Amino acid sequence: MMPPPPPPSSEASDAASCTVLRPGVDVVAEIDRRKSRFLAVLRRTESTAEAQELVDALRRRHHAARHHCSAWLIGPDRHVQRANDDGEPSGTAGAPMLEVLAQTTMPSGRADLTDVAAVVVRWFGGTLLGAGGLVRAYSDAVGEALQQAVETERTLARRRMRRFLLDAPIADVGRWENELRAAGAAVRDTEYGVGPSGARLHLAVPDDDAPVAALQARIATVSAGAGDLRPAGVDWIDVEHTSDDGAGEVPA
């Protein structure tokens, strides 16, 4: 497996958010170049083992194909980067695929896609494409799949969020939940039959002091000062894209 090129910038690693694919759905695109067929598959993968599973699965499914080239980025800071030419001339497949993954602008307005594996399966059509032709074909196949992912809204924002617990009276929990959602808090879950008040809200806001202060002020208002907001850690959480790249509701 060849070493990847350096990341294009530190923007993705410095941000408190990144872009990921929706889980459980592969994005597939296909192009033809001089009778060679290139099938690109993108999948959300959060470990090298998951990424390799995709390569292995496609190798079994398309065992008659000559090449199964791959590239992946993993981690909020994209610290894991791999590229594999799988028998193509060195530097003509995996590295160009990785470059497209790393540099394509996402709905966030940044090139911040991560936790993604790309595999391009090639069936040789009998005509040599040359090094330049291979680079363009593998790049274009991944680029086509990424374009499809964006156009079909198969991406999510993934934000570093502070999590909180809030006990709420059964009679008021629905109103509290609605008002907190309207104020921009992500309500991750609502438990019933727990806590001293009978219900518990699991909340999250961006990992920054200002959103936390706003959440505390909102809770003081909706609960008439009775709400006790308890920290529950920091985590990376999937949210829908919003116009200002802020936190939306956590998808079901």
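1. Arginine 200 and aspartate 167 are both buried, where buried means under 20% relative accessible area, exposed over 50%, and partly exposed in between (1.4 Å probe, protein chains only). Their side chains meet in a salt bridge of 2.7 Å, N to O; the term denotes a side-chain nitrogen of Lys or Arg within 4 Å of a carboxyl oxygen of Asp or Glu. Because arginine 200 belongs to strand β9 (residues 198-206) and aspartate 167 to strand β7 (residues 155-169), the pair ties together parts that are 33 residues apart in sequence. Helices (H or I, at least four residues) and strands (E, at least two) are DSSP runs, numbered from the N terminus.

2. The model is predicted: local features need pLDDT of at least 70, side-chain atom pairs count only at pLDDT 80 or more, and totals for chains, interfaces and linings use all residues. Residues are numbered from 1 along each chain as its sequence is written, and side-chain values use heavy atoms, with hydrogens and water left out.

3. The structure holds 18 salt bridges. One of them joins the side chains of arginine 33 and aspartate 140 at 2.9 Å, N to O. Arginine 33 lies in strand β2 (residues 27-33) and aspartate 140 in helix α4 (residues 130-151), so this contact ties together parts that are 107 residues apart in sequence. Arginine 33 is partly exposed, at 28% relative accessible area, and aspartate 140 is also partly exposed, at 35%.

4. Within helix α5 (residues 173-182), arginine 181 and glutamate 177 are 4 residues apart, about one turn of the helix. They form a salt bridge whose closest N and O atoms are 2.8 Å apart. Arginine 181 is partly exposed at 30% relative accessibility, whereas glutamate 177 is buried at 15%. Elsewhere, salt bridges that share partners join Arg44, Glu46, Arg158 and Asp238 into one network.

5. A search of the whole structure finds 1 aromatic pair. Phenylalanine 38 and tyrosine 138 form it edge-to-face, 5.1 Å centre to centre with 85° between the planes. Rings of Phe, Tyr and Trp (its six-membered ring) pair if their centres lie within 6.5 Å; planes under 30 degrees apart count as stacked, over 60 as edge-to-face and the rest as tilted. The pair links distant parts of the chain, with phenylalanine 38 in strand β3 (residues 36-44) and tyrosine 138 in helix α4, 100 residues apart. Phenylalanine 38 is buried at 0% relative accessible area, and tyrosine 138 is buried at 0% as well.

6. The charged end of arginine 37 sits over the ring of tryptophan 123, 4.0 Å from its centre. This assignment requires NZ of Lys or CZ of Arg within 6 Å of the ring centre and within 35 degrees of the ring normal.
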